[in-house]
Each structure stands twice: as structure tokens, then as C-alpha cells.
Amino acid sequence: MALIVQKYGGTSVGSVERIKNVARRAIKWAEAGNQVVVVVSAMSGETNRLIALAREIQPEPDPRELDVVASTGEQVTIGLLAMALKSLGQPARSYTGFQVGVHTDSAYTKARIESIDEQRIRADLDQGMIVVVAGFQGMDAQGNITTLGRGGSDTSGVALAAALGADECQIYTDVDGVYTTDPRVVPEASKLPSITFEEMLEMASLGSKVLQIRSVEFAGKYRVRLRVLSSLTPWDIPLEQEMRSGTLITFEEDQNMERAVVSGIAFARDEAKITVVGVPDRPGIAYQILSAVGQANIEVDMIVQNQSVAGFTDFSFTVGRNDYARTLSILKNEVQAHIGAKDVLGDPKSCKVSIVGVGMRSHAGVASTMFRTLSEEGINIQMISTSEIKVSVLIDEKYLELAVRALHRAFDLDAQPNS
């Protein structure tokens with residue numbers, strides 16, 4: 001008997017009929033002798049609707065109360081799915097994050113899971129039930145409802161799989177796996193039968209929307225076997241066929257075959273570049289600039305500090321576009337005069353394009369191929385960031401699709417067979 005955790009996203013539970021299909025699919029796995037836990041998101045569009053309602057009351061909603069509102073979407077889904085399971089003769093029980101004991105910190109709207117009490121789930125599984133758990137939510141030490149940020153149901157699913165020691169965590173979504181890049185941008189993109197956790201972590205952090213980055217971090221830390229599958233395939237296909245579909249996210253040491261140099265192209269449209277101009281070049285200046293930004297819970301990505309000229313330098317970094325106006329305000333009102341900077345400039349119309357692949361470790365010239373390809377297309381590079389298995393560049397947003405298509409061809413990703 002295997003313990004399987006299945007997570008279904010908003011599109012997968014977007015209608016009553018789709019919820020019934022989720023129930024049928026879960027029962028299929030249970031009837032094959034598995035214990036099954038199902039983690040679900042709110043129905044498609046519901047979280048956006050709830051947040052819009054909150055903003056009609058408060059343009060900048062109180063974070064604690066916003067979590068109270070936003071968490072209700074998943075509560076509807078778990079109740080409906082438990083009913084669907086019971087209507088098909090399958091014993092089931094639903095739990096909110098609060099009820100099942102998903103303990104988080106108190107960072108409302110972007111909380112992090114600290115621990116999970118799995119005893120109630122195990123007791124129900126031992127009685128032959130399918131357990132349905134609300135994703136995206138938990139509670140802090142004071143008993144307040146918290147949410148994990150957009151896409152947080154992925155994290156809920158993987159964290160539950162880790163806590164339960166599940167044999168596999170299956171992420172069901174509206175795509176049938178991880179592709180070399182977004183097929184909407186490059187129709188020739190191909191599905192990867194497998195990808196390493198390192199590569200998936202980089203792709204998630206660099207803009208791939210298939211999995212939330214924190215879910216991949218959890219899976220890598222606790223070595224949770226992770227598989228991305230499509231919930232839009234017929235629910236009654238044989239288990240063996242379903243197991244072969246999608247993309248398995250695995251560990252590099254498990255792979256003995258020679259890997260491609262570059263596995264995929266990731267991109268993020270919602271980047272904004274900020275430059276603090278004329279910064280005195282002295283120790284601690286980077287900390288003085290970024291500490292105020294960090295205290296506002298704003299994540300900084302790419303960072304570049306220019307060569308000092310006459311004791312002054314320019315300091316540039318990127319943030320998410322949603323944080324652009326707030327970051328500019330913090331720097332202009334709290335930092336600029338304090339550090340003696342000449343100006344703070346911004347560009348909200350940037351994007352990040354990245355190549356990712358563990359094969360880059362053993363192949364030279366990958367970055368130069370990327371830079372040459374972009375140069376031949378007339379695309380200027382504003383910032384560069386690298387690691388062992390990725391190279392990222394910041395470019396003007398208007399060149400994003402051209403850059404992705406050109407790089408996809410340059411690294412022969414068009415030629416990879418679908419599987």
C-alpha cells in the first residue's frame with residue numbers, strides 16, 4: 001500500500017463536473033490499494049474575486065483580515081469534493097488548514113509553514129477514508145488564519161507529503177508536465193519526461209509558473225518524490241498510463257544518463273529595475289540601501305554595483321513589478337537623503353530571461369552562446385546573473401518573446417522529442 005498526496009489547482013476544480021472528476025480519479029487510486037490525501041485550491045478565479053471584494057472595502061486591505069477572506073475559497077472546494085466522494089460511495093472527510101494543524105508564522109498573505117500535525121489525517125486514512133485538505137492556508141501560534149501566498153496550495157501539498165512520509169506527491173494542473181519553455185510563446189516547446197530538483201527550483205524561481213518555488217524547496221529538502229500531471233486527461237485512463245504521463249521531478253544523482261546542456265528557458269515578465277544613482281562608495285552602503293527594502297518584506301532579485309568613479313557608484317537591482325512603486329517610495333523617502341545618493345531612477349518595463357540546465361556544469365561557452373544569440377537579434381542586456389546551472393539576463397520587456405524563441409533554437413530545444 002502506497003500513500004499518495006494529490007494536489008489539484010483552481011482550474012482542476014473550476015466547476016462541479018471537474019470536482020466530480022477529481023473525486024473519480026482519487027477513488028481510482030484508492031481502489032488500487034493506495035491511501036489518498038487530496039489537497040485542493042479554490043475554484044478557478046475565486047481567490048481573485050475574494051481579493052477584489054476586499055479591495056472594494058479597503059484599497060489596501062488589512063493583511064490579517066484579507067487572509068480571513070481569501071482562505072474561504074478553499075473551504076468551499078473541500079466541502080464540495082468531500083460531498084462528491086461520499087456521493088460515489090467513498091468515505092471521506094474534509095479539513096481546513098486550521099483543523100488539520102498546519103502551523104505557520106504570522107507573515108499574513110505570505111506565511112511559511114513551520115509544522116503540521118498529521119495524526120488526524122493518519123487516523124482517517126487507517127479507517128479507509130480519502131482525506132481532503134484545504135491548500136494555501138494555515139494558522140499562526142495565536143490561532144489566526146494565515147495564507148501562504150499565491151500558488152501556496154502547491155506548498156501545502158508537498159508539505160503534507162513530507163509530514164506524512166508519502167510515497168509520491170502528484171501535482172495535478174491544467175498542463176501535462178514541465179516544458180522546455182512556455183508553449184504559448186514557443187509552440188515547438190517539448191515536454192520533459194524528467195527534470196532535476198535543482199533545475200526545477202531554478203525554473204520556478206526564474207518565472208516558470210508550473211510549480212510554486214516553495215513547493216520545490218520543500219520537495220528537495222525532504223526528498224519528496226514529485227510528479228506534475230494533467231487533471232484534464234480522462235480520469236479513467238489506466239494507472240500505468242497515468243504514471244508515465246507528465247514530468248517526474250527527481251534528484252540528479254538518480255540520473256546516470258548524459259543530460260542536455262540546457263534543459264529549459266524560463267522567463268518573468270513582471271520585473272522592475274531600480275537604480276540608486278551617485279551612491280558614496282563606502283563599506284555597508286549596499287546594506288543601507290537594501291535593508292529598508294527588506295524590512296518592507298520586498299524581495300530583491302538581481303543586483304549590480306558599478307565600478308566606483310571619484311568615490312561614487314550606481315547601485316541597481318530588480319524587484320517584482322507589484323513592489324515597484326512601494327520600493328521607489330521607500331528609497332526616495334527613507335534612504336536617498338540618509339546615504340547621500342544623487343537620485344533614484346526606475347524602469348517598470350523590464351523582463352528576465354534565463355537558461356537552466358545541470359549540464360552547464362560540464363560545458364564551457366554556454367553563456368557566450370546566449371549573449372551572441374541575443375546580440376544577433378539586436379537585444380541589449382541590462383543586467384546579468386549566473387549560478388552553476390543558470391544564466392539570467394534582464395532585457396526590455398518588448399523583446400521577451402523574441403529572446404525566448406531565439407534561445408530555444410540556439411540550444412536545440414526545438415529538437416527534443418515529446419514524451
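Which residue of β18 does cysteine 351 stand opposite? In this predicted model, cysteine 351 stands opposite isoleucine 395 in β18. The pair belongs to the contact between β16 and strand β18 (residues 390–396), which pair in the antiparallel sense over seven bridges.

These two strands are part of an open sheet of six strands with antiparallel pairing, in the order β14-β15-β13-β16-β18-β17. The edges are taken by β14 (300–305) and β17 (383–387); each has a single partner strand, so one side of each is left without a neighbour in the sheet. From one strand to the next, the twist averages 30°.

Within the sheet, strand β13 (residues 264–280) is paired with strand β16 (residues 343–356) over 11 bridges, in the antiparallel sense. Here alanine 268 stands opposite lysine 352 in β16. Strand β13 also pairs with strand β15 (residues 312–320), again in the antiparallel sense, over eight bridges. In that pairing, isoleucine 274 has phenylalanine 317 of β15 as its bridge partner.

Two helices lie across strands of the sheet. Helix α13, formed by residues 366–376, lies across β16, β17 and β18 and runs at about 20° to β18. Helix α14, formed by residues 400–410, lies across β13, β16 and β18, and its direction is at about 125° to β13.

How values were computed: Residues numbered from 1 in each chain as written. Predicted model: local features only at pLDDT ≥ 70, side-chain atom pairs only at ≥ 80, totals over all residues. Heavy atoms only, no water. Pairing = 2+ DSSP bridges. Helix = DSSP H or I, 4+ residues; strand = E, 2+ residues; numbered from the N terminus. Axes fitted to C-alpha atoms, helices over the stretch in contact; angles between N-to-C directions. Contact = heavy atoms within 4.5 Å.
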